[in-house]
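Please look through the sequence and the model shown below.

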Amino acid sequence: MSYRTLLLIVLLLPAALLAGARVLGVTIPIPHWGRDYVQRFVVDAAAVPLELPAIAGPDDPSRPLVVIDAGHGGRDPGAIGTDPEGKTFAEKDITLALALALREELLRGGGIRVALTRDDDRILPLAYRPEIARQLDADLFISIHADSAGEREDVSGASIYTLSEEASSEAAARFAARENDADRLNGIAIDGASEAVSAILVELSQQRTQEDALDFSALVLREGGDKLAFHSQPRRAAALAVLRAPDVPSVLFESGFVTSLSDRARLTTAQGRADYASVLARAIRVYFARRASALADRE
Ligand code: ZN
């Protein structure tokens, strides 16, 4: 072996190893605390163009629009559960099936427009998910996930997240700085407003959005109370990127644990999915009905 060849091998070895690791699907684990809502793959947003999904339901823009986000997808499987026979369940499949069941249920009831951030097994950058809701001018955004409790098979039940207050005002500040040239937000014209004024407007808008998100999560608990199994602390707040749209009320619904036998039984059967879909659809209908009557009162 010539000196030149040897040098080339030494220089290229790290790159070859990295490429090999990638081909084998080896990933460097990112630490995350407790519950799973971390997208483990950081997707290069530039590599995946943001495509706005089609809106299903009535062809009437005055009808409320809900954007349903099936968590994870493509090469990001999310949490994985394994049953005693070794069969595995990927969160990305559970969330997609639930999102499709919810869309069907909402369309069957009529009157509500529905869009899915993804309706097949594809990877979608985290930041695109709320952005799709914003660009479609959605009235409600629901991100669906299924959790992992690691080895703890006894941990089970659904929970619902809203953006924590601290994260909410942080996000508002960042949004105001970033989108200072946005022309309107929640119907408020911020184009031409000074930086300080638009920051206040964004903060106010986000406060209202947060109140709406909390109302909706209370409705999910009310409607699902005796029909779904909830975690003992079902209402949670966290600094989740997917909930940071300042003008679209957003919740993250953790449907259950893929690591729990009883949750899996609900999450992976047609009957189980139908139960989730009917609870969420009822909560969505009541939420929109309340908003419509609040608007009518104001007029
Ligand atoms: Zn998840």
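In this predicted model, strand β5 (residues 140-147) runs parallel to strand β10 (residues 250-257), and the two are joined over 6 bridges. Within this pair, F141 stands opposite S250 of β10.

The two strands belong to an open sheet of 6 strands with mixed pairing, in the order β4-β1-β5-β10-β6-β9. Its edges are formed by β4 (113-116) and β9 (230-238), each of which pairs on one side only. On average, neighbouring strands of the sheet are turned by 20° against each other, direction ignored.

Two helices can be followed from here. Helix α2 (residues 91-109) packs on the sheet and touches β1 (65-70), β4, β5 and β10. The direction of α2 makes about 140° with that of β5. Helix α7 (residues 270-298) lies across β1, β5 and β10, and runs at about 155° to β5.

The length of α7 can be checked against its residue count. At 1.5 Å a residue, its 29 residues should span 42 Å, and the end C-alpha atoms are 42 Å apart, so the two values agree. Which residues of α7 are buried? They are G272, Y276, A277, V279, L280, A281, A283, I284, Y287 and F288. These buried residues pack against strands β1, β5 and β10 and also against helices α2, α5 (195-224) and α6 (261-267).

What coordinates the zinc ion? The donors are H72 through NE2, E91 through OE and H145 through ND1, at 2.1 to 2.2 Å. Along the chain they follow the spacing H-x18-E-x53-H. E91 in helix α2 and H145 in strand β5 are 54 residues apart, so that this pair, by its place in the helix and the strand, links distant parts of the chain. Both E91 and H145 are buried.

The protein averages a pLDDT of 82, and 76% of the residues score at least 70. Over residues 17-39 the pLDDT stays under 50, and the model has 31 contacts beyond four places in sequence for this stretch. Residues 180-184 also have a pLDDT below 50, with 13 contacts in the model beyond near neighbours in sequence.

Key:
Residues numbered from 1 in each chain as written. Predicted model: local features only at pLDDT ≥ 70, side-chain atom pairs only at ≥ 80, totals over all residues. Heavy atoms only, no water. Pairing = 2+ DSSP bridges. Helix = DSSP H or I, 4+ residues; strand = E, 2+ residues; numbered from the N terminus. Axes fitted to C-alpha atoms, helices over the stretch in contact; angles between N-to-C directions. Contact = heavy atoms within 4.5 Å. pLDDT = per-residue confidence, 0-100. Donors = N, O, S within 2.8 Å, 3.2 Å for Na, K, Ca; no water. Buried < 20%, exposed > 50% of the residue type's maximum accessible area, 1.4 Å probe, protein only. Expected span 1.5 Å × (residues − 1).
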